[in-house]
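Here is my note on the salt bridges. Please read it with the model open.

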Amino acid sequence: MKRTILSTLCLAALSCAAQSIDAPTLASSYNDFAFDFFQRIESEHIDENLILSPLSAQFALSMLQNGAAGRTLTEIQQTLHTAGFAPSDINRYNRALINSLQKEPEIDDAYREEMEAEGKNPRDNYSSVEIANGIWVRNDFPVYPDFFATNATYYNASAQAVDFAAPETYACLDQWAYDHTHGLIPSFGLNPNDPNRAMVIANALYFEGPWSWPFQTYNTKKARFTNADGSTIKTELMHRYGCDDYYHTDNFVMYRLYYGDDCRFYMNVYLPQHDGARLTADEWQQLRNSREEAEVYFYMPKFSIEDNLNMGDILQGMGIVDAFDFYAANFSGISPNPLCVSEVNQKARIEVDEEGTAAAAITYILSVDALDGPGEEPQRPPRVEIRLDRPFYFSIESRDDNSILFMGHITDLAELERRAGQQEGIDTVLTPSPASHRTYDLQGRPAAEYGQRGISIRDGRKTIR
């Protein structure tokens with residue numbers, strides 16, 4: 001079946017939409033925040049599974065930033081690595097980024113007609129991102145109209161006056177969460193008994209994508225996974241192989257799995273090469289520049305994880321201090337009344353199987369007023385095996401603008417089995433974690449045969465050799 005995809009480079013579109021804004025620098029700043037944010041949270045979850053969304057946090061904090069002034073504003077900008085950019089520049093960039101991430105795929109008419117003739121939705125073969133923003137304010141708390149207007153213009157943020165003492169308010173909030181994450185996150189889980197609650201600012205981010213090159217279920221087999229504590233568990237490892245790119249440094253082996261027919265989004269998985277390897281922004285950049293081609297034998301567990309993160313202490317440790325102090329907070333762009341941040345939380349969830357990935361996150365900020373085509377014949381590639389049978393990192397990213405939507409790590413599949421109530425297959429024998437990991441061919445050395453003929457993906461594009 002011939003499929004023609006029309007696409008444009010979104011970074012150019014971002015630059016055009018943002019005009020004078022230095023879009024590449026802002027994109028780099030956003031990723032610097034992503035790794036800073038991830039590393040600080042990871043330090044408190046070293047041996048625990050973790051999923052979070054830096055981008056969801058950035059959008060929520062950017063909306064809050066529109067009401068901040070003085071040192072409160074400076075601290076938010078420094079923490080987001082956007083010092084030197086005016087809030088108006090950030091807003092324009094975020095507006096362009098939201099449009100870019102949510103853009104509809106441009107599908108060739110012939111392909112559309114062919115799919116529809118088969119009774120299929122042509123969009124089913126593409127990944128999708130949905131972003132929603134909302135502001136709920138207590139009905140007796142005064143808010144400047146410009147704060148609502150700015151966030152509506154640049155973030156499509158809806159605004160509602162509500163009674164935080166009424167149970168139906170929390171039912172509406174939970175419905176919003178459910179709707180905008182397609183049920184992956186069914187509720188905020190807010191405590192309804194805070195009499196000083198004045199405002200809720202929230203972002204919801206949802207991603208769904210089928211693999212460009214799906215795993216076949218008949219290749220999924222039981223195998224051992226070594227948890228971070230050295231114990232092992234039998235779990236299902238998905239498997240696929242073919243001529244493809246992989247990336248490696250002294251610290252990590254990275255493999256990229258694309259989503260959808262247009263390959264606009266992908267998941268990177270990072271397998272540490274030795275104990276103590278930590279994924280940093282510099283390491284991430286080095287990996288992106290270390291591509292090699294090989295016949296890759298790839299193994300990966302199916303997994304479903306969720307997290308509920310209290311980000312208040314993390315953000316204060318990163319430099320946002322005054323915003324949490326009622327006497328120091330300056331949100332004079334939101335209201336004439338005193339206001340401070342009481343909590344910042346994020347709920348996130350991801351599900352990965354043979355067909356693809358679904359992931360969602362909600363970040364919410366609570367505020368109080370407490371005092372009131374075919375390729376050329378390749379060179380002979382090596383044959384390598386990348387087996388995610390011990391702790392690894394992952395991220396979901398946008399190819400066009402390099403945005404990091406989700407990040408996480410898997411350290412303990414036994415925990416996932418316990419959560420799911422599936423105790424069968426757990427091996428309680430403790431074995432030491434491997435001290436290092438190398439890439440091998442099936443004979444334990446680089447192979448000299450040609451790579452497998454068939455479909456391969458290079459630079460985000462499918463080719464057939």
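The points below take the salt bridges in turn.

1. Basis. This is a predicted model, where local features need pLDDT of at least 70, side-chain atom pairs count only at pLDDT 80 or more, and totals for chains, interfaces and linings use all residues. Residues are numbered from 1 along each chain as its sequence is written, and side-chain values use heavy atoms, with hydrogens and water left out.

2. Total. The whole structure holds 15 salt bridges. The term means a side-chain nitrogen of Lys or Arg within 4 Å of a carboxyl oxygen of Asp or Glu.

3. R138 and D140. Their side chains form a salt bridge at 2.5 Å, N to O. R138 is buried at 13% relative accessible area. D140 is exposed at 56%. The cut-offs: buried is under 20% relative accessible area, exposed is over 50%, partly exposed is in between (1.4 Å probe, protein chains only).

4. E236 and K302. This salt bridge spans 2.8 Å, N to O. E236 sits in strand β8 (residues 231-248), K302 in the loop between β11 (291-301) and β12 (303-310), so the pair ties together parts 66 residues apart in sequence. Strands (E, at least two residues) are DSSP runs, numbered from the N terminus. E236 is partly exposed at 32%. K302 is also partly exposed, at 27%.

5. E385 and R387. Here the salt bridge is 3.4 Å, N to O. E385 is buried at 18% relative accessibility. R387 is partly exposed at 21%.

Methods: Helices (H or I, at least four residues) and strands (E, at least two) are DSSP runs, numbered from the N terminus.
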